[in-house]
Amino acid sequence: MTVAGRLAEIADLGRDAGRGGYSRHLFDASDAPLRAWFRRSAQALDLTVEEDGDANLWAWWGPPGPAAVATGSHLDSVPGGGAHDGPLGIAAAFEAVAQLQAAGVVPARPVAVCAFAEEEGSRFGMPCLGTRLLTGAVDAASVLERTDAAGVTLAQAWAGSGRDTARVGPDPERIGRLAAFIELHVEQGRDLEDRGIPVCVASAIIPHGRWRLTITGEGNHAGTTAMDRRDDPVVALAGAVLAARDVARAGGSRATIGKVQVTPNGTNVIASRVDAWLDARADTEDRVRAQVEVTLERIRDAARAERCTLAVHEESFSPRVDFDAALTERIAAALQPEFGAVPAIPTGAGHDAGILAAVVPTAMIFVRNPTGVSHAPAEGARDEDCEAGARALAAALRDLAGRA
Ligand code: GLV
Ligand code: MN
Ligand code: MN
């Protein structure tokens, strides 16, 4: 088998004909077939599969701990996402285990391949949901009350999928089984393409967060309401989008309003309400907080100018993560014989590795992305680079867990 062959097995699951690419969200129609693929892939390698109380899948090579080396990523996507963000790390993990088994390696410590639930937070607004619950980084009871776009609570969706909400929450015993975690991921930029190398390691994840902005005005008739008598939240939104961009540009940081819901969303209707999500990222937590504060001040002014009100809710905040230096150096050394001296690069993208880094030594391997695009259908990785990624991961696992 190859990594590309493994990804081909799920290529038809969760395709989004309207947006292009993939829309794979927690407990949607693609979720069970993707989990079934994970189980089949694991069983073909004689790995034992279990699902924890937070809907994360674990495939064990050897007993389920202690001192295990875990690797994996996620199977969900953003709306209209690419094929590699998430699934590449799982396909490469199975392929790496297959290569080690074929080479006669007997693990001296357990190895686990993981698929974490709802990493993108696309359905319930909480990125890295599965690992945040697992590690206790979020309060399970309040997360279960979150609703999706259709008003379904996470608790309802959880129970509807046949899972037990009473099992949701931190699992220190499971975390205690782990000695290290490595996530392999498609690079979400062009650094490796520009350097002309197929793989590298990660140094850090910059801090980031999500804020829900609710701008409320007055619904009215598009034809009969004079221009100076409108309380139009969409006009205020225009100010919000520009404020987010301008503040981020001035501060050398990043801000995006990429999701908007207009109520009632009619062509000939002045909207009564707009919900918009601000995603902000910068190299320090203080800079993210300062950037958001200034941005919100300007958005408040924009709302006031249209006689609208603004309510703000912080949906998630992810502090800066510096990956474990000793583990990262050790993985870089394991990659050296085939790939030479690989760089350690920071990323602006969030990952389950960033959540797990708080509780277990964690590192990441990135695979070259020729377009540099991610969270969009143009995201990609050449087949030969995916195979290089699996060999890199196999080298790291062999070094950390293997016995010839
Ligand atoms: C996830 O990929 C994120 O960075 O939001
Ligand atoms: Mn992503
Ligand atoms: Mn990802």
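Ligand 1 has Glu-120, Arg-281, Ala-349, Gly-350 and His-375 around it, where a residue is near a molecule if one of its heavy atoms lies within 4 Å of it. This is a predicted model, in which local features need pLDDT of at least 70 and side-chain atom pairs count only at pLDDT 80 or more, while totals for chains, interfaces and linings use all residues. Residues are numbered from 1 along each chain as its sequence is written, chains are lettered from A and ligands numbered from 1 in the order in which they are written, and side-chain values use heavy atoms, with hydrogens and water left out.

Polar contacts are pairs of N or O atoms within 3.5 Å; within protein, one must be able to donate a hydrogen and the other to accept it, and residues adjacent in sequence count only if both atoms are side-chain atoms. The side chain of Arg-281 places a polar atom 2.8 Å from an oxygen atom of ligand 1, and an N or O atom in the side chain of Glu-120 is 3.2 Å from an oxygen atom of the ligand. Gly-350 takes part through a polar backbone atom, 2.7 Å from an oxygen atom of ligand 1.

His-74 is buried, at 0% relative accessible area, and Asp-85 is buried at 5%; buried means under 20% relative accessible area, exposed over 50%, partly exposed in between (1.4 Å probe, protein chains only).

In the largest nonpolar core, which has 78 residues, Phe-38, Leu-47, Trp-58, Phe-94, Ile-182 and Ile-331 touch the most other members. Such a core is a set of buried Ala, Val, Leu, Ile, Met, Phe, Trp, Tyr and Cys residues joined through side-chain atoms within 4.5 Å. A second, separate core of 22 residues includes Ile-215, Ala-244, Ala-282 and Val-288.

The disulfide count is zero, a disulfide being a pair of cysteine sulfur atoms within 2.5 Å. Cys-200 cannot form one because its sulfur is 14 Å from the closest cysteine sulfur, in Cys-386. Cys-200 is buried, with a relative accessible area of 0%.
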